[in-house]
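Keep the structure open and follow along.

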Amino acid sequence: MPVQHIGHQLIVLDSVDSSNNYAMALTQQRLAGHGDTFFALEQKAGKGQMGRRWISRPNENIIISIVLETTALAPDMVFYLSMAMALGTYDWFAEMAGEESSLKWPNDIYWRDRKAGGILIENNWAGPHWQFAIVGIGINVNQVDFEEGTKKPVSLRQITGKSFDLLVEVRKLCGKLEYRWNQLVAGKKKELLESYNQVLFSRGMPVRLRKDNVVFETTIRGVNENGELLTSDTLDRSFRVGEVEWV
């Protein structure tokens with residue numbers, strides 16, 4: 001049976017609680033497989049990183065969840081999968097939004113200092129074996145009004161002044177993700193890490209981070225092969241995902 005590419009089967013969902021939950025349930029029942037992509041026009045209980053909610057207006061943005069079979073990947077490649085999916089999303093986004101686009105560690109899509117989208121990957125394990133991953137991607141596309149209190153959001157429409165056909169753009173995005181997925185499967189870890197660091201948000205710049213309720217200023221140096229954020233101030237530091245938050 002030929003290996004299916006990302007987006008080979010694109011299922012449009014009029015409304016769903018969470019596209020990741022939907023894709024996960026079908027995959028666990030073996031009713032969905034590698035490359036199947038679920039595109040939600042409305043998501044009522046979207047999930048973001050660290051238990052946060054992902055809020056999106058119906059029919060205005062891209063909300064997709066992709067099934068990836070990961071049995072051929074080593075367990076230590078979890079962050080490389082995250083990088084590959086972030087880079088594929090960045091590749092698509094930057095074609096329209098331009099050189100001011102970046103990736104904010106670990107996998108948010110930024111334009112200047114504003115958030116345009118994010119990625120949530122949920123992995124399924126059987127003991128030590130990595131069976132599959134559900135890659136949830138949310139991108140602000142046509143939305144121009146955002147809820148008060150949302151942290152500096154931005155959409156492609158606000159950046160470009162244009163409206164976009166969501167289905168057309170989802171298919172383009174899937175193509176970019178497939179390219180980066182193939183890099184990952186081919187073991188091109190060095191290339192992925194270099195590409196990721198080249199477009200890393202605030203690299204070489206001072207930022208404020210919070211750890212254990214302590215806010216400090218430090219300069220972003222990059223991300224290492226373990227997915228840790230590297231910074232420098234009076235000390236050289238490294239932080240795991242979830243260990244610090246941006247201020």
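Helices here are DSSP runs of H or I with at least four residues, strands are runs of E with at least two, and both are numbered from the N terminus. Before going further, note that this is a predicted model, in which local features need pLDDT of at least 70 and side-chain atom pairs count only at pLDDT 80 or more, while totals for chains, interfaces and linings use all residues. Residues are numbered from 1 along each chain as its sequence is written, and side-chain values use heavy atoms, with hydrogens and water left out.

Back to the pair: the axes of helix 2 and helix 5 are 10 Å apart, and the packing angle is about 55 degrees. Axes are lines fitted to C-alpha atoms, for helices over the stretch in contact, and angles run from 0 to 180 degrees between N-to-C directions. Helix 2 and helix 5 are therefore oblique to each other; under 35 degrees would count as roughly parallel, over 145 as roughly antiparallel, 65 to 115 as roughly perpendicular, and the rest is oblique. On the helix 2 side, Phe-79, Tyr-80, Met-83, Ala-84 and Leu-87 meet Lys-189, Leu-192, Leu-193, Ser-195 and Tyr-196 of helix 5, where contact means heavy atoms within 4.5 Å. That contact divides into eight nonpolar residues, one polar and one charged. For these classes, Ala, Val, Leu, Ile, Met, Phe, Trp, Tyr, Cys and Pro are nonpolar, Asp, Glu, Lys and Arg are charged, and the others, Gly among them, are polar.

Now look at the buried residues of helix 5: Leu-192, Leu-193, Ser-195, Tyr-196 and Asn-197. Buried means under 20% relative accessible area, exposed over 50%, and partly exposed in between (1.4 Å probe, protein chains only). Their cover includes helix 2, strand 4 (101–104), helix 4 and strand 9 (214–223).

Helix 4 is the next stop. Its axis lies 8 Å from that of helix 5, at an angle of about 135 degrees, which makes helix 4 oblique to helix 5. Arg-180, Gln-183 and Leu-184 of helix 4 make this contact with Glu-191, Leu-192 and Ser-195 of helix 5. By class, that is two nonpolar, two polar and two charged residues.

Helix 4 (residues 166–185) also meets helix 2 (residues 78–97), their axes coming within 8 Å and crossing at roughly 140 degrees. Those two are therefore oblique as well, and helix 2 passes helix 4 in a right-handed crossing. The residues in this contact divide into 11 nonpolar, two polar and six charged.

How far apart are the end C-alpha atoms of helix 4? They are 28 Å apart, which agrees with the 28 Å that its 20 residues should span at 1.5 Å a residue (the expected span takes 1.5 Å times one less than the number of residues).

Gly-7 sits in the segment before strand 1 and is buried, at 9% relative accessible area. Leaving aside residues up to four places away in sequence, Gly-7 touches Gly-35, Thr-37, Arg-171 and Cys-174.

Terms used:
Left-handed = near helix turned anticlockwise from the far one by under 90°.
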